[in-house]
There are 2 protein chains.
Amino acid sequence: MIASPARLDQAAVDRLGEERLDWRFKSVPDTLFGLTAAEAGRRRPDLSDFVGPVVALDGPAMEHNLATMAAWTADRGLLLAPHGKTTMAPALFARQLDHGAWAITAATAGQLRVYRAFGVSRVVLANEFLDPAGLRWLAAELDSDPGFEFTCWVDSVRGVELMTEAWTGVRPVDVLVEVGVAGGRTGVRDLDTARAVAAAITASPALRLVGVGGYEAPASGDASPAGLDAVAAYLDRVRTTVRALSFETEQVIVTAGGSAFFDLVADALTAPWPIPVLPVLRCGTYLTHDDGFYREISPLGEHPRVSGPPLRSALRAWAQVVSRPEPGLALLAAGKRDLPYDLGLPVPRLLRTATGVTPLTGCTVTALNDQHAFLKADAGAGLAVEVGDWVGLGLSHPCTTFDKWSLLPVTADDGRTVTGFVRTFF
Amino acid sequence: MIASPARLDQAAVDRLGEERLDWRFKSVPDTLFGLTAAEAGRRRPDLSDFVGPVVALDGPAMEHNLATMAAWTADRGLLLAPHGKTTMAPALFARQLDHGAWAITAATAGQLRVYRAFGVSRVVLANEFLDPAGLRWLAAELDSDPGFEFTCWVDSVRGVELMTEAWTGVRPVDVLVEVGVAGGRTGVRDLDTARAVAAAITASPALRLVGVGGYEAPASGDASPAGLDAVAAYLDRVRTTVRALSFETEQVIVTAGGSAFFDLVADALTAPWPIPVLPVLRCGTYLTHDDGFYREISPLGEHPRVSGPPLRSALRAWAQVVSRPEPGLALLAAGKRDLPYDLGLPVPRLLRTATGVTPLTGCTVTALNDQHAFLKADAGAGLAVEVGDWVGLGLSHPCTTFDKWSLLPVTADDGRTVTGFVRTFF
């Protein structure tokens, strides 16, 4: 394990640009059908000519976020292994690696296979990995590529046993003991269990103990003082666990960090260690940020907790007003198939009419159906949208945005000139 | 407009079976990579060898539902235009047409383009359709294929104006006046508006008024007596609207009917009419039914309101237990990226261990994260799952199940022998 950035197969990523656009991509105008994605991007189509609804990525905002997070982690001596589950977009992984990312993080075997199809050379699978079919595939993948570095998590002796039984590889699997939060998700709840799991790993010929991993977000759903204290207390337990265990490599990976509390994670991972540690942050949503949950909670969001340029939301949906059936109510042609709804509903931001784009205030998206959004006037406000207008929406939760789109246009600074496309694989 | 079933391009559907399986399909075992979907189905792989999580379709249950709904609608003199948004699976559209479906229903231009790529000859777009890019495409499609029959909805004079301005086709667009529910979604709220919209349609050279459409589900979220009364009252308004308007065709389409209240819709659509009417039901979820929302509310569900064999749930997810970090808590490797969560959470049904499959009771999925499910013991119950076991889950809401999977295996009666694959396009 070294600190140099991971590599990927740039030629494979470039080949995505050779894919022909057609009816498989729900927002692409038919005037671009038959062109490759790369050719279509070079035509600089206008986003307003796309079929609604459409979710577009703001290219300059993404570049800003890439540079911001790369600088922020480098300044603090942290390695970044961005969680690729957010976008599942090899072209975006490539940009993250261009900016020095140390690895790409995965959650499932399915995601890992996508990464490997694009030659990602270092992957942190931030999850237990006990699937026999997945482990057989992984064993072959590790044995066929000596340059492939992989780690996953273990939180039980039973897990160690299952991995050991299933393992068919020559190279052992590098694993981290996962530390969890009481009442939270996966991960050991106490030091005795951590020690037992570590001992089982060390005894297993199939596994090699290379560090400790965790995820702090289950400790708190908000950035209140009590919430931040709970996150810090959890991170202390991660540190205690690292100090309590013996590892099978000289340099030890210690990783935590979603996109909500990476400030506290940075402090915990970079405080002095008694052994050589590679401190790895795994934020995924910083790349696009958002106009909802992460805007509220991110250390580089609307309520910054660290210095640095704030992240910018790079997600924008456009949906047409198709009905104004009652005073104060409009229906937009975009719903749960197109927009995220699990961490807050879309937020009206802009209005596009025949005469241009203006800010839109005084209304709220109150519900989504499968294919419709309900836009209601706020108390005391009129609803300044008409049938045929288009509403620009801010979104909350990048992960559940990307997974609704197999192809997303990327726009220039003006928010309307499409400069390229990003392909996802969910 | 005639009552014969719609057609589709079966050769195009069959070509889906020639697609090679690879890393793009998250649950497919790598042992099937390189085979076509058809070849892989002929190998009869075992579902337990798939990479987790996986959602499988129960083939015999789907065939039962197809036959049940075809018979039920035929018995009542109803035409069925199943909503294709549910599955977006051309191979399933083909089965629905094989069973006599009159049309396939769509909600968006993007869906319509998929249907047309597979030659679906008759489409009801059960929504307003004002998107200029979509309308330009539709105009060309209608003009290039005289056999293509299409209708969409209009609920405002402004909508008529926008369609008329945008229309570039030689053939006019057949439209229905949409009747809505006060406080509900799209659709006119009163008869005066219906008359005004109808007059505008009749005056437009681009549009032809061919009927009345609506969707009764916004009238009630449940099948309580009061809820059923509200649905019936809405359907009366649909009937009143039909009688109040003059149409531009001799035979008039009247359509309503999601999957929750098709009993009441059948009554309303088949009561005597003063003019020749094609009564069209648009249920989509009947094809797979479910173990949650539709099981509760369907007229052919757990609490049947009509006679006939009950629909069977054809959706089954399997997810592995990856952690048992605390008493009474297990974490499954499946989350919001894989399973629906908008109309109820997944329901534990089965437990698969090394020794076989048994019923699983006494526990509940209490939350989903992006890639994890929380399985908790019910009060007073132990949690009979261990790390490494697999949990079979019933699902709620077919629409938001399908859209998380680009390829779903279909199983035989035993629930484990995979007999084929269904490709979706979202």
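User: How do β17(A) and β18(A) pair, parallel or antiparallel?
Analyst: This is a predicted model. In it, β17(A) and β18(A), residues 418-423, pair in the antiparallel sense. Five bridges join them.

User: Which residue is the bridge partner of T411(A) in β18(A)?
Analyst: That is V418(A).

User: How many residues lie between the two strands of that hairpin?
Analyst: Six residues lie between β17(A) and β18(A). G415(A) sits in the turn, and its phi is positive, about 75°.

User: What about β1(A), how does it run with β17(A)?
Analyst: Strand β1(A) covers residues 54-58 and runs parallel to β17(A). Two bridges join the pair. In β17(A), V410(A) stands opposite L57(A).

User: Why is β17(A) called largely enclosed?
Analyst: Buried here means under 20% relative accessible area. Five of the five residues of β17(A), 407-411, are buried, so the rest of the structure largely encloses the strand.

User: Which residues are on which side?
Analyst: L407(A), P409(A) and T411(A) are on one side. L408(A) and V410(A) are on the other. Both faces are covered. In a regular strand, side chains alternate between the two faces of the sheet.

User: New topic. What rotation superposes chain A on chain B?
Analyst: A rotation of 180°, with 0.0 Å of shift along its axis. The RMSD is 0.0 Å. That makes the relation a two-fold axis.

User: And what share of the contact residues of chain A recur in chain B?
Analyst: The share is 100%, and the same surface serves both copies.

Definitions and conventions
Residues are numbered from 1 along each chain as its sequence is written. Chains are lettered from A and ligands numbered from 1 in the order in which they are written. This is a predicted model: local features need pLDDT of at least 70, side-chain atom pairs count only at pLDDT 80 or more; totals for chains, interfaces and linings use all residues. Side-chain values use heavy atoms; hydrogens and water are left out. Copies are superposed by least squares on the C-alpha atoms of residues with pLDDT of at least 70 in both. Contact means heavy atoms within 4.5 Å. Buried means under 20% relative accessible area, exposed over 50%, partly exposed in between (1.4 Å probe, protein chains only). Helices (H or I, at least four residues) and strands (E, at least two) are DSSP runs, numbered from the N terminus. Two strands pair if DSSP finds at least two bridges between them.
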